[in-house]
Amino acid sequence: MPLPASPQLSPGPGAGPATAPGPAPDLAPDAAPVTVDRRDGPHGEVVLRRRGERFEIIANGCFLMDTSDGRSERLLIDAALAALPAGRAEPSVLIGGLGVGFSLARAASEPRWGRITVVEREQAVIDWHRSGPLTAISRDALADPRTEVVQADLVAYVRTAPAAQAYDALCLDIDNGPDWTVTEGNGGLYDPAGLAACRERLAPGGVLAIWSARPSAAFEEALRNAGFAGVRTEETAVARGVPDAVHLAVRPA
């Protein structure tokens, strides 16, 4: 779940990760990091740092995301919307978590979405968006009447929300994806019980979209075993290393 740097507010492409332009260059990519805010919470330490032209989020000493790009976070939203059944009016979307705000901003910029619910467990992250350095990214989205922010643990929220509270799309971007989790407990989203809960949280024909720091054939198989159909992966090339990935799956109607 990468963070935004000196926020680049261009909408960016939502499709075609192979041809999507890269991020704007950081004017000081090797600058020493400056701590903007540091909080201790129930899940450990979370830090917002600035490095040159970008912001970084660090959790328990591990880098989670920065604001240097954002294409794959926008793809998370766009691919889910494109995978929904044609003609579904004002589909609802659950975004988890808030991160640097790229996914929320993308959803709010799309008039076809109806209700937009964001689940974020860290109060610090919410504060950075409401009144801190990340407001430029999310200000308009947070002011959108379709948007609701819920402070809660995403894994618990998905498993315990009322059965009647279904969504047309779940766009989930927590930790580093199914193959490597930094925070204890986040892995519960990707195990069989977590995927079953995601399926139950979707309306029939609804789409589950999960961001990952790398593609995972094993996770695609886990999605099929959990009863999802239409399982596939879209990739976004990155400057170094393996591509970011968005895993997509559909709850059968």
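This is a predicted model: local features need pLDDT of at least 70, side-chain atom pairs count only at pLDDT 80 or more; totals for chains, interfaces and linings use all residues.

Trainee: What share of the residues counts as buried?

Mentor: Buried means under 20% relative accessible area, exposed over 50%, and partly exposed in between, with a 1.4 Å probe and protein chains only. Of the 253 residues, 52% count as buried.

Trainee: How do I read a sheet?

Mentor: Strands of a sheet pair through backbone hydrogen bonds, either parallel or antiparallel. Here two strands pair if DSSP finds at least two bridges between them. For angles, axes are lines fitted to C-alpha atoms, for helices over the stretch in contact, and the values run from 0 to 180 degrees between N-to-C directions.

Trainee: How many bridges join β1 to β2, and which residue is the bridge partner of Arg39?

Mentor: Seven bridges join β1 to β2 (residues 44–51), and the two run antiparallel. Arg39 has Val46 in β2 as its bridge partner.

Trainee: In what order do the strands of the seven-stranded sheet come?

Mentor: The order is β7-β6-β5-β8-β9-β11-β10, in an open sheet with mixed pairing. Its edges are β7 (147–151) and β10 (229–236), each with a single partner strand, so one side of each is left without a neighbour in the sheet. Neighbouring strands here are turned by 15° against each other on average, direction ignored. Within this sheet, β9 (residues 202–212) and β11 (residues 244–250) pair in the antiparallel sense over six bridges. Leu208 has Ala249 in β11 as its bridge partner.

Trainee: Which helix packs on this sheet, touching β8 and β9?

Mentor: Helix α6 (residues 192–201) touches β8 (167–172) and β9, and its direction makes about 135° with that of β9. Helix α7 (residues 217–225) lies across β9, β10 and β11, running at about 155° to β10.

Trainee: What is a nonpolar core?

Mentor: In soluble globular proteins, nonpolar side chains tend to be buried together. A nonpolar core is a set of buried Ala, Val, Leu, Ile, Met, Phe, Trp, Tyr and Cys residues joined through side-chain atoms within 4.5 Å. The largest core has 40 residues, of which Ile57, Trp113, Ile116 and Trp128 touch the most other members. Its largest share, six residues, comes from helix α1 (residues 71–83). Apart from it lies another core, of 26 residues, including Val119, Leu172, Leu208 and Phe219.

Trainee: How do I read an aromatic pair?

Mentor: A pair of aromatic rings is described by the distance of the centres and the angle of the planes. Rings of Phe, Tyr and Trp (its six-membered ring) pair if their centres lie within 6.5 Å; planes under 30 degrees apart count as stacked, over 60 as edge-to-face and the rest as tilted. By this rule there is one aromatic pair. Tyr190 and Phe219 form it edge-to-face, at 5.9 Å centre to centre and 85° between the planes. Tyr190 lies in the loop between β8 and α6 and Phe219 in helix α7, so the pair ties together parts 29 residues apart in sequence. Both Tyr190 and Phe219 are buried.

Trainee: Is Ser103 buried or exposed?

Mentor: Ser103 is buried, with a relative accessible area of 7%, and lies in helix α2 (residues 102–108). Contact means heavy atoms within 4.5 Å. Not counting residues up to four places away in sequence, Ser103 touches Glu73, Leu76, Ile77 and Ile95.

Conventions: Residues are numbered from 1 along each chain as its sequence is written. Side-chain values use heavy atoms; hydrogens and water are left out. Helices (H or I, at least four residues) and strands (E, at least two) are DSSP runs, numbered from the N terminus.
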